[in-house]
Amino acid sequence: MKMDIRYTRDIVLFAFLILSAQALQADERPTVGLALGGGGANGLAHIAILEVFDELEVRPEMISGTSIGAIIGALYASGNTAGEIRDLVDEIVGQDSDSWIGRFIDRRIFRWISLLDPSMGEGGLIRGDRLISLLDDALEVDTFEELDIPLRVIATDLRKREQVVFDSGDLSSAVLASIAIPGVFTPVIIGDRVLVDGGLVNPVPFDVLFDNCDIVVAVNVIGIRDLDDDISFMDTTFISAKIAQESILRGKRALREPDIFIDTGINGVQVMQFNKFDSIYKQARPAADQLRQQLIDKLGL
């Protein structure tokens, strides 16, 4: 009987040591920060990136987001899976030949008109309140403090001409400020600040994660466009903005590279063509595969 007791005790002790070693190894795993960049409709490529995190069961220590990256980041940080975000996008934008706000600017009828709130004379063509109301329904939280994952949202202060980083307080107003593309969406007033799209100052905000995360993953969705002779006013405006954003991004990478840099390389999508989600998602798959392998290598998965 004594032999059996000692044998059982040894087995229990051995199991305890194994579990303790595994727990210690998990605690020692590097923390991962995820920066989701701006790029209009191209930002739907972030969903393919988030699917990799879900698949590998890698939980970001912190997320930062600019513009569309702020929207996707807020949805993910609030507890939605990549699959649930994808379902939400399908529900809102559908899949047809019309391009969402872009068709509005071209004075064509489209089925998302209920989302828009024209506001000529208020600093932009469209107010984002109705779009944010949809976001509120999906988030089910009101403040940064209620999120499952800490989030930093980037906007631009027009008066001071500088970056503003939101990480506390009201969530929807910060996201609305981050997506306020100048000339399209009206600026957002928070306190004494007049705020617009964060892409003007920090299109892929990986630099705000360095102090909190061991490994920083940056996802660029600025994208590219092949031009033809029939280039519109809107094409000129938005492509010029992309050129400026790429220049800012190169400057930030020259100062310090993120640990993993993923360029989704989305091509042929106008800034407001959210209805092209299928094409965007398919184009993003190679980048998602690249991310999967790099995470496996760096985290030893």
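**Charged and aromatic side-chain contacts**

The charged end of Arg86 is placed over the ring of Tyr281, 4.1 Å from its centre; such a contact requires NZ of Lys or CZ of Arg within 6 Å of the ring centre and within 35 degrees of the ring normal. This is a predicted model, in which local features need pLDDT of at least 70 and side-chain atom pairs count only at pLDDT 80 or more, while totals for chains, interfaces and linings use all residues. Residues are numbered from 1 along each chain as its sequence is written, and side-chain values use heavy atoms, with hydrogens and water left out.

Arg86 also belongs to a network of salt bridges that links Glu51, Glu55, Arg86, Arg285, Asp289 and Arg292. A salt bridge here is a side-chain nitrogen of Lys or Arg within 4 Å of a carboxyl oxygen of Asp or Glu. The count comes to 10 salt bridges.

Arg253 lies over the face of Phe261, at 3.6 Å from the ring centre, and forms a salt bridge with Glu257, with the closest N and O atoms 3.0 Å apart.

Arg193 forms a salt bridge with Asp157, the closest N and O atoms being 2.8 Å apart. Asp157 is buried, with a relative accessible area of 1%, whereas Arg193 is partly exposed at 24% (buried is under 20%, exposed over 50%, partly exposed in between, with a 1.4 Å probe and protein chains only).
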